[in-house]
Amino acid sequence: EIMAVSTWFWGILILISTLFVGVGTWMCITNQGYRFTLDEFLLTTSPYMWASVGISIAIAISVVGAAWGIFLTGSSILGGGVMAPRIKTKNLISIIFCEAVAIYGIILAIVFSNSFKLYEKHPDPLQYSGSIPSDDLTTGYSMFAGGVTTGLCNLVCGICVGIVGSGAALADAQNASLFVKILVVEIFGSAIGLFGIIIAIIQTQGRSFGKTN
């Protein structure tokens, strides 16, 4: 399994690198090398795109984390439930904790979506020389960073809760008194996702499209 994930990672990395080098070479050959700059890309890309990608990353990776955790926990509950059927009901709380990880991503998406407003495309040239106001660019970058932060935190949170929930199910099947003790660890692991949302909200605090000073 680890080898398969590593193969996918390197394959995607090679594909992105090839596309990057190919586009750069084509632009240099066609005398458009001056456009192959990072600042040109950052200053002309719509901040709505950055914010939308951030929201998509937050939801998508959170769902992956939740699914991964449910996979780990559910398989152990089903396996342990064969020999100890009593564990199947109370260990469903581990599934709920995993599902909450995906809800964290949805909550952040709703919070970010409320900041989408129209902004002035061409501000006063005496105040700013670019075509997109700097405040709106910063808002887009902040939402993108907040989405990435939430998505990665929820991915790790889902895996953590899944592994601990799996251990809780197997331990409960062996000794019922161990369930509550391991459940405390699982609750602390589930809090990692909340930390991600809190950090994302701090990153985007006071940011909104179309905001006038």
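**Entry 1: H3 against H6**

I started with a helix pair: H3 and H6 pack at an angle of about 0°, with their axes 7 Å apart. That angle makes H3 roughly parallel to H6. For the wording, I count angles under 35 degrees as roughly parallel, over 145 as roughly antiparallel, 65 to 115 as roughly perpendicular and the rest as oblique. My axes are lines fitted to C-alpha atoms, for helices over the stretch in contact, and the angles run from 0 to 180 degrees between N-to-C directions. I then sorted the residues of the H3 contact with H6 by class and got 24 nonpolar, 16 polar and one charged. Here Ala, Val, Leu, Ile, Met, Phe, Trp, Tyr, Cys and Pro are nonpolar, Asp, Glu, Lys and Arg are charged, and the others, Gly among them, are polar.

**Entry 2: ground rules**

I am working on a predicted model, where local features need pLDDT of at least 70, side-chain atom pairs count only at pLDDT 80 or more, and totals for chains, interfaces and linings use all residues. Residues are numbered from 1 along each chain as its sequence is written, and side-chain values use heavy atoms, with hydrogens and water left out.

**Entry 3: the whole chain**

I found seven helices and zero strands; helices (H or I, at least four residues) and strands (E, at least two) are DSSP runs numbered from the N terminus. Of the 213 residues, 35% count as buried, meaning under 20% relative accessible area, with exposed over 50% and partly exposed in between (1.4 Å probe, protein chains only). Among contacts (heavy atoms within 4.5 Å) between residues at least 6 apart in sequence, 81% join residues at least 24 apart.

**Entry 4: H5**

Next I looked up H5, residues 92-113: its 22 residues reach 32 Å from first C-alpha to last, close to the 32 Å expected. The expected span is 1.5 Å times one less than the number of residues. I listed its buried residues, including Phe 97, Val 101, Tyr 104, Leu 108 and Phe 112. Their cover includes helix H3 (47-83), helix H6 (134-174) and helix H7 (178-203).

H5 and H6 pack at an angle of about 175°, with their axes 8 Å apart. That makes H5 roughly antiparallel to H6. By class, this contact has nine nonpolar, nine polar and no charged residues. On the H6 side I noted Gly 146, Gly 147, Gly 158, Gly 162 and Gly 165 among the residues that H5 meets.

Leaving aside neighbours within four places in sequence, Ser 94 is in contact with Thr 73, Val 161, Gly 165 and Glu 186.

**Entry 5: salt bridges**

How many salt bridges does the structure hold? I found two, taking a salt bridge as a side-chain nitrogen of Lys or Arg within 4 Å of a carboxyl oxygen of Asp or Glu. One joins Asp 172 and Arg 86 at 3.2 Å, N to O. Asp 172 lies in H6 and Arg 86 in the loop between H3 and helix H4 (87-90), so this pair ties together parts that are 86 residues apart in sequence. Lys 90 also meets Asp 172, at 3.3 Å, N to O. That pair links Lys 90 in H4 to Asp 172 in H6, 82 residues apart.

Is Asp 172 buried or exposed? Asp 172 is buried, at 0% relative accessible area, whereas Arg 86 is partly exposed at 42% and Lys 90 is partly exposed at 34%.
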